[in-house]
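Please look through the sequence and the 3D structure before reading on. The paragraphs below go from the whole chain to single residues.

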Amino acid sequence: MRKDIIIRRETEDDRPRVEEIVRRAFYNLYIPGAAEHYLVHIMRSHPDFIQELDLVLELEGQVIGAIMYTRTHLVDERGEEREILTFGPVCVLPEYQRMGYGKMLMEASFQKAVEMGYDTIVIFGAPGNYAILSHPLGFCTFLNEVYFI
């Protein structure tokens, strides 16, 4: 990783900046305007929000991207339940998109998730946004959504 890039946990002081990054990253992308920044705002107080995986990426001292996770549960065909992760949003300011910063955030967060004992991450999103990832947990798609397995 470049010396001018730092990936760290989000602080309370980062929150307005992160919400602005989310708004700008998703503005007019899927719907007119954006609602994802409000989701981020309320997500932080949810009991399933994982603060240890609430990360930002700084470039030359400025926060330009973020990723957040929540825990959820997966029930298998035997009815056994286990805790897994979902992430989102992952966002990078538009002027820094498609330069690898989102990938850096995801890969750093995957490593931290594995260190925390998680082995499954479910991604809800557009498969094309995750095609450049190569991770030992693997990828599969289902109904045009991307899932780690």
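A residue is called buried if its relative accessible area is under 20%, exposed if it is over 50%, and partly exposed in between, using a 1.4 Å probe and protein chains only. Helices (H or I, at least four residues) and strands (E, at least two) are DSSP runs, numbered from the N terminus.

This is a predicted model, in which local features need pLDDT of at least 70, side-chain atom pairs count only at pLDDT 80 or more, and totals for chains, interfaces and linings use all residues. Residues are numbered from 1 along each chain as its sequence is written, and side-chain values use heavy atoms, with hydrogens and water left out.

The chain has three helices and seven strands, and their order along the sequence is β-α-α-β-β-β-α-β-β-β. It has 149 residues, of which 38% count as buried. Contact means heavy atoms within 4.5 Å. Among the contacts in the chain with a separation of 6 or more, 55% are between residues 24 or more positions apart.

How confident is the predictor in each residue? This is given by pLDDT, from 0 to 100. The mean pLDDT of the chain is 82, and 74% of the residues reach 70 or more. Over residues 141-149, pLDDT stays under 50, and the model has 36 contacts beyond four places in sequence for this stretch.

Next comes the interior. A nonpolar core is a set of buried Ala, Val, Leu, Ile, Met, Phe, Trp, Tyr and Cys residues joined through side-chain atoms within 4.5 Å. The largest one has 35 residues, and the members that touch the most others are Val-18, Ile-67, Tyr-69, Leu-85, Phe-87 and Ile-121. Two or more residues each come from α1 (15-26), α2 (36-43), β2, β3, β4, α3 and β5 (121-123). Strand β3 gives the largest share, six residues. Leu-85 has contacts beyond four places in sequence with residues including Ile-50, Tyr-69, Ala-113 and Ile-121.

Helix α3 has 15 residues and spans 21 Å from its first C-alpha to its last. This is close to the expected 21 Å, a value found as 1.5 Å times one less than the number of residues. Which residues of α3 are buried? They are Tyr-101, Gly-102, Leu-105, Met-106, Ser-109, Phe-110 and Ala-113. Leu-105 lies in this helix and has 0% relative accessibility, so it counts as buried. Beyond four places in sequence, its contacts include Ile-7, Leu-57, Ile-67 and Val-90. Leu-105 and Ile-67 are 38 residues apart in sequence, yet their C-alpha atoms are 6.6 Å apart in space. Just after α3, Gly-117 takes a positive phi of about 100°.

Rings of Phe, Tyr and Trp (its six-membered ring) pair if their centres lie within 6.5 Å; planes under 30 degrees apart count as stacked, over 60 as edge-to-face and the rest as tilted. The count by this rule is three aromatic pairs. In one of them, the ring centres of Phe-87 and Phe-110 are 6.2 Å apart and the planes are at 50°, so the pair is tilted. Because Phe-87 is in strand β4 and Phe-110 in helix α3, this pair ties together parts 23 residues apart in sequence. Both are buried: Phe-87 has a relative accessible area of 6%, and Phe-110 has 0%. The rings of Tyr-96 and Tyr-101 have centres 6.1 Å apart and planes at 75°, so they form an edge-to-face pair. Tyr-96 is partly exposed at 27%, whereas Tyr-101 is buried at 6%. Tyr-69, Phe-87 and Phe-110 make up one aromatic cluster.

The backbone remains. Most residues other than glycine have a negative phi, and most peptide bonds are trans. Glu-60 is not a glycine but has a positive phi of about 50°. It is in the loop between β2 (55-59) and β3 (62-75), and counts as exposed at 60% relative accessibility. Arg-98, also not a glycine, has a positive phi of about 65°. Arg-98 lies in the loop between β4 and α3 (101-115) and is exposed, at 72% relative accessibility. The peptide bond from Gly-88 to Pro-89 is cis, with omega near 0°. Pro-89 is in strand β4 (residues 81-92).

Notes. pLDDT = per-residue confidence, 0-100.
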